[in-house]
Amino acid sequence: MTSTTSVPVLRPQRVAERFPILQRTVRGRRLVYLDNAATTQKPREVLEALQRFYSHTNANVHRGAYTLSEEATAAFEQCRERVAQWVHAPDPRGVVILRNTTEAINLVAQSWSRRLAPGDEILTTEMEHHSNLVPWLMAAKERGLVLRHVPITEEGELDLAAFRRLLSRRTRVVAVTGMSNVLGTIVPVPELVEEAHKVGAIVVVDGAQLVPHQAVHFGQLGCDFLAFSAHKMYGPTGVGFLVGKPELLEAMEPVLGGGEMIREVFLDRATWNDIPHKFEAGTPNIADAAAFPAALGFLEELTFEAIQAHEQDLTAYAWERLAGLGGLTLHGPKNPSRRGALISFVDEHIHPHDLATVLDTHGVAVRAGHHCAQPLMRRLGVVASVRASFAVYNSREDVDALVFAILAARRFFGLA
Ligand SMILES: Cc1ncc(COP(=O)(O)O)c(C=O)c1O
């Protein structure tokens, strides 16, 4: 691993020791987990925090005037505080605790679209995950809105000239990913925000892939809403966040009704709780939220400086090794500083699903398929690809194991 003396060095093998699941074998081989863009594995401290919550603190939140409920509420609210600090949100009231990125984007799409008029435009991109496309398609259908899409360049970057052309006074929302889960492309969000705000559009950023890999500053990003999931950043499944500007959240109507989100209920009407609670109907995922700060503590200890240096190095190494194999098409920008820690590729002779199945026999876990981005796959002219995505515990040895397994697959199919 290359690193300058000033950047703290991350030792992936040492990091891996902190993940019980990485000690197991798969089909008699060491597990090489390279599906981190789908979900990351969880370090021991997160597992312990979950166990601790259920064995010590468990109670419902914001309800009981007894010790357990107060402690559970404090743990849940501590998650909100920590997330607000993590992304430098102006106010913890702007952090809505939900299930995942998908739910967070659906909330904005459903609620904000009620404020729009037929013919108003939503601008998304060709590289969106279905989570940042389908909610807008649904809103557009319901409200008579027009959806437009920014194309990508041949290199797999967002076509910024086309973005400027498509942006107009009719654009009310720009919904864009911070980092593509297929191409790895890192999108210049602040540039887009500047342009979008000039025409009075709000900007919703799908941060599912960005927030796990970079220090994100909500104010510097400049967007109005940012969505991300705990499970892609070493935290538990079932917890995700919508970070929004408090004044915008205040102006929005809730989309789910029930307990927690109300102030007063009569038989014929109801009034809403303050933000963020008015968007958190019903019993939330208390235990997983309570355990998430342990994942943030883990990331903090490693430091993003070290994480980024490590992941960039690993991605550049993987690119070099995969490109060196020949017969593979690699998608997305080649420049490691313009992409995140994943590489999608297609073998000219082996179907991605077949390749992933053979890789699994070597203990190598990768994702094969359309990666919930069917329009992008059509644009790339493929039905599926294989994606290797990296995390703090992956090493060059893992990349070597991937390459070895691809060569083995080629032999298995009689291609080498
Ligand atoms: C870019 C992107 N957006 C959204 C999502 C959806 O995340 P979740 O399933 O946690 O809602 C993913 C998940 O893979 C993703 O990669």
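**Exercise 1.** Which atom of the ligand is 2.5 Å from an N or O atom in the side chain of Thr102?

*Solution.* The model is predicted: local features need pLDDT of at least 70, side-chain atom pairs count only at pLDDT 80 or more, and totals for chains, interfaces and linings use all residues. Residues are numbered from 1 along each chain as its sequence is written, and side-chain values use heavy atoms, with hydrogens and water left out.

Step 1. The atom 2.5 Å from the side chain of Thr102 is an oxygen atom of the ligand. A polar contact is a pair of N or O atoms within 3.5 Å.

Step 2. A polar side-chain atom of Ser229 lies 2.6 Å from a ligand oxygen atom, and for an N or O atom in the side chain of Lys232 the distance to a ligand oxygen is 2.6 Å.

Step 3. Of the ligand's own accessible area of 390 Å², the protein covers 88% (Shrake-Rupley method, 1.4 Å probe).

**Exercise 2.** Determine the classes of the residues around the ligand.

*Solution.* Step 1. There are 13 residues around the ligand, and Thr102, Asp206, Gln209, Ser229 and Lys232 come nearest (near: a heavy atom within 4 Å).

Step 2. The shell consists of two nonpolar, nine polar and two charged residues; Asp, Glu, Lys and Arg count as charged, and Gly is among the polar ones.

**Exercise 3.** Why is the pair of Phe19 and Tyr393 edge-to-face?

*Solution.* Step 1. Rings pair if their centres lie within 6.5 Å; planes under 30 degrees apart count as stacked, over 60 as edge-to-face and the rest as tilted. The structure holds 11 aromatic pairs.

Step 2. The ring centres of Phe19 and Tyr393 are 4.7 Å apart and the planes stand at 70 degrees, so this pair is edge-to-face.

Conventions:
A polar contact is a pair of N or O atoms within 3.5 Å; within protein, one must be able to donate a hydrogen and the other to accept it, and residues adjacent in sequence count only if both atoms are side-chain atoms. Rings of Phe, Tyr and Trp (its six-membered ring) pair if their centres lie within 6.5 Å; planes under 30 degrees apart count as stacked, over 60 as edge-to-face and the rest as tilted.
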